[in-house]
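This report sets out the architecture of a single protein chain. The sequence and the coordinates are shown first, and the description comes after them.

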Amino acid sequence: MSTRRISSGVWIVVLLAAALAAISFLSVQASQNMPAKNIASAEPKPSAKPHPSATKPKTYKVPDDSGTGRRIVYSLSQKRVWLISESESAARTFTVWPGNVPPAEGKHPVTFRRAEGTGSDGVRIEHAVYFGTQSAFSNAVDGASPAPDSTVKTGAIRESVADGTALWDFATKGTLIHVVG
C-alpha cells in the first residue's frame, strides 16, 4: 500500500477555497435576511436643503416714496442702505449699524467727504460721507461694528469695509440721500 502525501501548498489552496465559499454563502444569506429599512438607509438621502446654486439670494425692495433717479436710500427701520443707479435699479444694498442720533427723514445732499479720521467714538474710520446736520456714513478701519456708546451722542452710521468703499465711490458731493422711516 502506498501512501501519498499531499503537499502543504495544496492544503492551503483547498482551505482558502473552502473559506471563500463559506464567506460567499454567508454573505448571500445575510443580504437576503436584511430588513428593508437597513437596505433603504444605505441609499443616499435627498438633502433637506436645496443645492446652493438653486437658491435665490434674498432681495430687499427699495422703500416706496424714496425718490427717483440716482440716489442713496437709507431706511431707519430696516437699518439698510440702497445705492440706486440712474436707471432706478439697486446697484447695491447692505445693512448698517446706526448711532444713537438718527438723521431727520427727507432728502439730504452729501455735504462733505473725509477719506479717513477718527469717529466721535474714538474709533479710526475711513470713507466718511456727511449729510444732514450731524449724520455720516463711515466704516471702521478695523472692520468693527460696535454698539454706539450710550454716553456719547453720535450720528455715525457704520457699515462694513466693503460697503463703505462702495458707498464712498457712489456718494460724490451733492448726491441725494433719501432717509425714510
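**Overall fold**

The model is predicted rather than experimental. The protein chain has three helices and nine strands, and from the N terminus on these elements follow the order α-α-β-β-β-β-β-β-β-β-α-β. Of the 181 residues in the protein chain, 29% are buried. Among contacts between residues at least 6 apart in sequence, 51% join residues at least 24 apart.

**The sheet**

Nine strands form an open sheet with mixed pairing, in the order β3-β2-β1-β9-β5-β6-β7-β8-β4. The edges are taken by β3 (90–95) and β4 (97–98); each has a single partner strand, so one side of each lacks a neighbour in the sheet.

Strand β1 pairs with β2 through five bridges, and the two run antiparallel. Within this pairing, Arg-71 has Ile-84 as its bridge partner in β2, and Ser-75 has Arg-80. The strand β1 is also joined to β9 by four bridges, here in a parallel arrangement; Ile-72 stands opposite Ile-177 in β9.

In β1, five of five residues are buried. In a regular strand, side chains alternate between the two faces of the sheet. In β1, Arg-71, Val-73 and Ser-75 point one way, while Ile-72 and Tyr-74 point the other way, and all are buried.

Helix α3 lies across β1, β2, β3, β5 (106–118), β6 and β7 (135–140), and runs at about 40 degrees to β6.

**The nonpolar core**

The largest nonpolar core has 18 residues, and those with the most contacts inside it are Ile-72, Val-81, Leu-83, Phe-137 and Leu-167. Two or more residues come from each of β1 (71–75), β2 (80–84), β6 (124–131), α3 (161–170) and β9 (176–180). The helix α3 gives the most, with four residues.

Phe-137 illustrates how separate parts of the chain meet. Leaving aside residues up to four places away in sequence, Phe-137 touches Tyr-74, Val-81, His-127, Ala-128, Val-129, Phe-131, Ile-157, Glu-159, Leu-167 and Ile-177.

**The largest pocket**

The largest pocket has a volume of about 150 Å³. Its lining comprises 15 residues, of which Ser-120, Tyr-130, Ala-136, Thr-154 and Ala-156 are the closest to its centre. The elements that give two or more residues to this lining are β5, β6, β7 and β8 (156–158).

Most residues other than glycine have a negative phi.

| Residue | Phi | Place | Relative accessibility |

Lys-79 belongs to the hairpin of β1 and β2, which has four residues between the strands.

Notes. Residues are numbered from 1 along each chain as its sequence is written. This is a predicted model: local features need pLDDT of at least 70, side-chain atom pairs count only at pLDDT 80 or more; totals for chains, interfaces and linings use all residues. Side-chain values use heavy atoms; hydrogens and water are left out. A nonpolar core is a set of buried Ala, Val, Leu, Ile, Met, Phe, Trp, Tyr and Cys residues joined through side-chain atoms within 4.5 Å. Buried means under 20% relative accessible area, exposed over 50%, partly exposed in between (1.4 Å probe, protein chains only). Contact means heavy atoms within 4.5 Å. Two strands pair if DSSP finds at least two bridges between them. Axes are lines fitted to C-alpha atoms, for helices over the stretch in contact, and angles run from 0 to 180 degrees between N-to-C directions. On a 1 Å grid over the protein atoms alone, a cavity is a set of points where a 1.4 Å probe fits but cannot get out, and a pocket is an open set with protein on both sides within 12 Å along at least five of seven lines; lining residues have an atom within 4 Å of a point. Grid points are joined across faces, edges and corners, and a volume is the space filled by probe spheres set on the points.
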